[in-house]
Amino acid sequence: MSYRSTVARQSESLADTLTAAQAELKGLDLTPMASGVVAVTGIGASYAAAVVVAAELQRRGRRAFAVRSGEMMEGYDIADTVLALSHRGRSVETVEALQKLPRAKSIAITNNPESPLAKAATYHLTLNNGTDATPSSTGYTATLLAAGLVVDAIHGSGGADWTGLSALTKDIQSRAAAKMPRLAELFRDRRAIDCVGAGASIGTADGASLLIREAARLPASGYETRHYLHGPMEAMDASTGVVLFGDARELALAENLNEIGCPSLLVTSDTGISDHGKLTVVHAPACDDLVLRGIVDIFSAQLLAAELSDAAGLTDVKFRYKQTDTKIVD
């Protein structure tokens, strides 16, 4: 399937994953994962998802942190439990991270219960997102949803209405799609794009930057909001662009960027700000559950990546650089 077609079927993918994951979780006793220090790990887009999940665990009172799987390959005893994220379950680094921490209780979230990562974990939860494309769209959001359900299974509901997610997805995608013609014009010929957010949205910003790099081959980076103010934004001007996620300091930053003539996209629940100048705003609902917010916020970035890919003549072009040591093959 094409990238745009997989983005378009997000609602169905999330509904299918919700049904399958909830049924499977009924048969899992995750009590051993309810205490201790939690590491949430992944590589690439899965690491971006891990940042979001770790932030939600912190909100629930857990001592939790996100760590790239490559940083766990030395086998240091850094966590009591591990949430390991990998869409296909074949990332070398994530599998080795679990193998190097045999004493830690772990749960792997993949789309294949027979994958190397599933076999390396104490527990496994299967995604049912169907076919994904490059860059990942349904795989990323289904991973977040499944991880959110795992957090709920361990700690109780965090306030997310998962049953309403499918309908919410259609609504947010419709809102974002309406802004794409404007964004396509404003972001035309950007030389670089920064993606910015705080807290759980650091993960969303990282995921957005990866989408842009993979789909449009544009230099793009993810930054924490306050860190961005301390120097990285010096490179931004009228020839660059910024994608912001958040409801706090991001609002003032968006206005600042508009003043200097830098086109920007702001994804926020604050309805007091709207399109003006070179600022485009997509309104998302406020969510206490940070995983749910991470899912709905990424839709705008997925669609923007498609616009930038089309503009660069790279629609559904495959990766140029093939690696031979990042995936475990049959």
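Which residue just after helix 3 takes a positive phi, and what is the angle?

Modeller: That's G61, with a phi of about 95°. Bear in mind that this is a predicted model, where local features need pLDDT of at least 70 and side-chain atom pairs count only at pLDDT 80 or more, while totals for chains, interfaces and linings use all residues. Residues are numbered from 1 along each chain, and side-chain values use heavy atoms, leaving out hydrogens and water.

Now back up into helix 3 itself, residues 45-59 (helices are DSSP runs of H or I, at least four residues; strands are runs of E, at least two). From first C-alpha to last, the 15 residues of helix 3 reach 22 Å, close to the 21 Å expected at 1.5 Å a residue (times one less than the residue count).

Helix 3 is mostly covered, with twelve of its 15 residues buried (under 20% relative accessible area, 1.4 Å probe, protein chains only). The buried set runs from S46 through Y47, A48, A49, A50, V51, V52, V53, A54, A55 and E56 to L57. Among what covers them are strand 1 (38-42), strand 2 (64-68) and strand 3 (81-85), plus helix 6 (138-155), helix 8 (201-216) and helix 11.

On the helix 3 side, V52, V53, A55, E56 and R59 meet L290, V291 and G294 of helix 11 (heavy atoms within 4.5 Å).

Definitions and conventions:
Axes fitted to C-alpha atoms, helices over the stretch in contact; angles between N-to-C directions. Buried < 20%, exposed > 50% of the residue type's maximum accessible area, 1.4 Å probe, protein only.
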